[in-house]
Amino acid sequence: MAAIQSVMQETRVIAPPQGMVEGAAVSGMPAYQALVAEAERDFEGFWARLAREHLEWKKPFTKVLDSSAAPFFKWFEDGKLNASYNCLDRQVAAGLGDKVAIRFESDDGQVTPVTYKALLARVCRLANALKAMGIKAGDRVIIYMPMTVEGVMAMQACARIGATHSVVFGGFSAKSLHERIIDAGAVAILTADEQMRGGKALPIKSIVDEALAMGGCEAVRNVVVYRRTAGAVAMTAGRDQWLHDLEAGQADTCEPEWVSAEHPLFILYTSGSTGRPKGIQHSTGGYLLWALLTMKWTFDIKPGDVFWCTADIGWVTGHSYVAYGPLAAGATEIVFEGVPTYPNAGRFWDMIARHKCSIFYTAPTAIRSLIKACDVDPAAHPKKRDLSSLRILGSVGEPINPEAWMWYHDNVGGGRCPIVDTFWQTETGGHMITPLPGATPLVPGSCTLPLPGIFAAIVDETGHDVENGNGGILVVKKPWPSMLRTIWGDPERYRKTYFPAELGGNLYLAGDGAVRDRVSGYFTIMGRIDDVLNVSGHRLGTMEIESALVANSRLVAEAAVVGRPDDMTGEAVVAFVVLKGKRPEGEDAKAMARELRDWVGREIGPIAKPKEIRFGDNLPKTRSGKIMRRLLRTIARGEEITQDVSTLENPAILEQLKRAI
């Protein structure tokens, strides 16, 4: 673990619009500070009040927090509820049955609205079908499906009967899928024949067949297949069944399985881990409470909003802000199947205009790639669309460079929409540190302040607080309801990974380096601890160097920085850069690299100059748009790539990036 030096300072501050302050769920900084004070004054009472006010309980809880087996915390354990009931039945009972829950836009642009009443009926039919197969509360079900209404429905149906779902992103390989089936001990798989991405039909069911053929999956007795494309697929008699056939014979009602608040709602495997997959286990009550609360606090969700989170349900963002949070809030949300660049790079902006989207939540990687796309094709620029329906923008997945933040604010939000730059993780279940749109003054590149009830801090390698202005290790000092409960099947790994003894065993280790502003106390995430570079004794965050490169808005569209061993400096900075113009070759590339090295030297200091810069037409990204930095580290070290690259959107880019200048 390492502390980080921060030498970049951001001085731009943008106040929340007065009109938004007046009507916000958290209205102004005094309201935020009052919630923070309440949590500090009566920690358990604070969470108990919120759980009683925002969730509907079949059996009210009497005990709030059980810390007797810390760090294996339990929240609201003797209370009983059902996640699907809180998302669907409650909305219908409140008179929202005819309200559109999901506006599904398929890859080819077709739009299908689904009301709360219709979604509840379909979820109940599938839930009844699952029960008829013998699936019961506590059983694990793998969901390996496209980004469709049926994917959300599958998650809700599992929750309804108390089955623990584990969603596997539809871009993962058969080997990755096989590992997760085995680790979870799954008894069934919900999948599809194919999925559509960018005008192409991609296989899914055949990958399930390949995974099951690897052996050790005898517990899987049923495979349910959604007919997405009507592509030809093999169906194994006695095991495989079509979703539409199963739905047709079932009732539209299904009594929910009332489970303990601590009942495992889902297991979600973190990507890029080595060895045995790391299954993050989340509870029902605490997780759902935070998914709903953050919809209300962070996104200030209103009855008339149209909410769009672009994440796939295969990632935690798609769990909290597609499958559960928006529905628990009674919102109308967009579910999108395709990619942001098909049929053109203006797809996101066209959809915002077409659906009158008011809250838009996407990743910095997507923003940066669309900035580059606008430079190539001016017709794709967001300013060529009517985006006046937008009132809040969000960023998720990784720290956002200040210059990308400003582009997003000015060009997509028209300079009037607050950006909620949300820091959180698969393990946290929902937002942890983020601005509130009607309260927090914004600073580009900073996730600002922790949400009420989240006791975040920055410590040194011994677990002691560091002064504001000094970098360190991001931790959380108290448990919170939506935190992971354990690593599935491996409690000791959970303890060592998230509550390490070297920090005292009682601090949640986020795994990120961070720094707090000396005056405001705002948090800025500097990158993963394992992405902290030690260059000649100076500890530098990769995010800081990336931000410096992207700040050259004339030349640089996107950048990713990694380290490699160096005999002279211990570690050397290696930057992979996507330029706005044509990728240079030969002497032109050397000249461009020198120019950018000097630029970083001026922005940060000579110690941060990349020792090597490589140019590419793109960066290696998953189909969800996340940069695969572990592959870049392998390339930078000159090693052969042995990792699974099946999730890459653009595997051919790896060969290009291997070529040094």
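**View 1. Alanine 230, an exposed residue with a positive phi.** Alanine 230 counts as exposed, at 56% relative accessibility (exposed means over 50% relative accessible area, buried under 20%, and partly exposed in between, with a 1.4 Å probe and protein chains only). Its phi is positive, about 65°, although alanine 230 is not a glycine. The residue is found in the loop between strand E11 (222–226) and strand E12 (240–242). Strands (E, at least two residues) and helices (H or I, at least four) are DSSP runs, numbered from the N terminus.

The model is predicted: local features need pLDDT of at least 70, side-chain atom pairs count only at pLDDT 80 or more, and totals for chains, interfaces and linings use all residues. Residues are numbered from 1 along each chain as its sequence is written, and side-chain values use heavy atoms, with hydrogens and water left out.

**View 2. Threonine 448, a buried residue with a positive phi.** Threonine 448 is not a glycine either, yet has a positive phi of about 70°. It lies in the loop between E20 and strand E21 (456–459). With a relative accessible area of 0%, threonine 448 is buried.

**View 3. Two cis peptide bonds, at proline 71 and proline 343.** Alanine 70 and proline 71 are joined by a cis peptide bond with omega of about 10°. Proline 71 is in the loop between strand E1 (65–66) and strand E2 (74–75). A cis bond also joins tyrosine 342 and proline 343, with omega of about 5°. The loop that holds proline 343 runs between strand E17 (332–336) and helix H12 (347–355).

**View 4. An open sheet of 7 strands.** The strand order is E5-E4-E17-E16-E18-E19-E20, and the pairing is mixed (two strands pair if DSSP finds at least two bridges between them). Strand E5 (111–115) and strand E20 (419–421) are the edge strands, each pairing on one side only. Strand E4 (residues 100–105) pairs with E5 in the antiparallel sense over 5 bridges. Arginine 103 has proline 113 in E5 as its bridge partner.

**View 5. Tryptophan 297 in the largest nonpolar core.** A nonpolar core is a set of buried Ala, Val, Leu, Ile, Met, Phe, Trp, Tyr and Cys residues joined through side-chain atoms within 4.5 Å. The largest has 146 residues, of which Trp47, Phe76, Ile181, Trp297, Tyr324 and Leu474 touch the most other members. Leaving aside neighbours within four places in sequence, tryptophan 297 is in contact with residues including Val26, Phe46, Trp290 and Leu451 (contact means heavy atoms within 4.5 Å). A second, separate core has 31 residues, among them Val306, Ile352, Cys357 and Val412.
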